[in-house]
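Subject: Structure handover

Hello,

Here is the structure you are taking over. Please open it first and keep it in view while you read the notes below.

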Amino acid sequence: MRDIVADSSFYICFFDDIKRPSSLHRILIFFDFYIGKIIASEN
């Protein structure tokens with residue numbers, strides 16, 4: 001199974017902390033991600 005449910009800090013980490021959005025893109029392609037209603041509503 002390749003399903004991942006991540007909170008917003010997971011995504012923010014790739015942009016702010018490790019500054020590697022290209023790595024995040026590769027992970028998003030390889031795994032199936034699900035976003036809950038609360039996280040989807042965050043701006």
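Tyr11 is buried, with a relative accessible area of 16%; buried means under 20% relative accessible area, exposed means over 50%, and partly exposed is what lies in between, all with a 1.4 Å probe and protein chains only. This is a predicted model, in which local features need pLDDT of at least 70 and side-chain atom pairs count only at pLDDT 80 or more, while totals for chains, interfaces and linings use all residues. Residues are numbered from 1 along each chain as its sequence is written, and side-chain values use heavy atoms, with hydrogens and water left out.

Tyr11 is placed in helix α1. Helices (H or I, at least four residues) and strands (E, at least two) are DSSP runs, numbered from the N terminus. Not counting residues up to four places away in sequence, Tyr11 touches Ala6, Leu24, Leu28, Phe33 and Ile35; contact means heavy atoms within 4.5 Å. Tyr11 and Leu24 are 13 residues apart along the chain, and their C-alpha atoms are separated by 7.5 Å. Leu24, leaving aside its neighbours within four places in sequence, is in contact with Phe10, Tyr11, Phe14 and Phe15.

**Aromatic rings**

A pair of aromatic rings is described by the distance of the centres and the angle of the planes. Rings of Phe, Tyr and Trp (its six-membered ring) pair if their centres lie within 6.5 Å; planes under 30 degrees apart count as stacked, over 60 as edge-to-face and the rest as tilted. The structure holds five aromatic pairs. One of them is Phe10 with Tyr11, which is edge-to-face, with 5.3 Å centre to centre and 85° between the planes. Phe10 counts as partly exposed, at 25% relative accessibility.

Why is the pair of Tyr11 and Phe33 tilted? The ring centres of Tyr11 and Phe33 are 6.1 Å apart and the planes are at 55°, so the pair is tilted. Tyr11 lies in helix α1 and Phe33 in strand β2 (residues 32–34), so this pair ties together parts that are 22 residues apart in sequence. Phe33 counts as buried because its relative accessibility is 18%. Phe10, Tyr11, Phe14 and Phe33 form one aromatic cluster.

**The nonpolar core**

Which residues make up the largest nonpolar core? There are five in all: Ala6, Tyr11, Phe14, Leu24 and Phe33. A nonpolar core is a set of buried Ala, Val, Leu, Ile, Met, Phe, Trp, Tyr and Cys residues joined through side-chain atoms within 4.5 Å. In soluble globular proteins, nonpolar side chains tend to be buried together.

Lys19 sits in the loop between α1 (8–17) and α2 (21–30). Its phi is near 50°, a positive value in a residue other than glycine. Is Lys19 buried or exposed? Lys19 is exposed, because its relative accessible area is 59%.

Phe31 is in the loop between α2 and β2 and counts as partly exposed, at 27% relative accessibility. Not counting residues up to four places away in sequence, Phe31 touches Arg2 and Ile4. From C-alpha to C-alpha, Phe31 and Ser9 are 17 Å apart in space, and they are 22 residues apart in sequence.

Gly36 lies in the loop between β2 and α3 (37–41). Gly36 counts as partly exposed, at 33% relative accessibility. Gly36 and Ala6 are 30 residues apart in sequence and 8.8 Å apart in space, C-alpha to C-alpha.

**The whole chain**

The secondary structure of the protein comes to three helices and two strands, in the pattern β-α-α-β-α along the sequence. The C-alpha trace spans about 30 × 25 × 10 Å along its principal axes. Of the 43 residues in the protein, 14% are buried. Among contacts between residues at least 6 apart in sequence, 52% join residues at least 24 apart.

Regards
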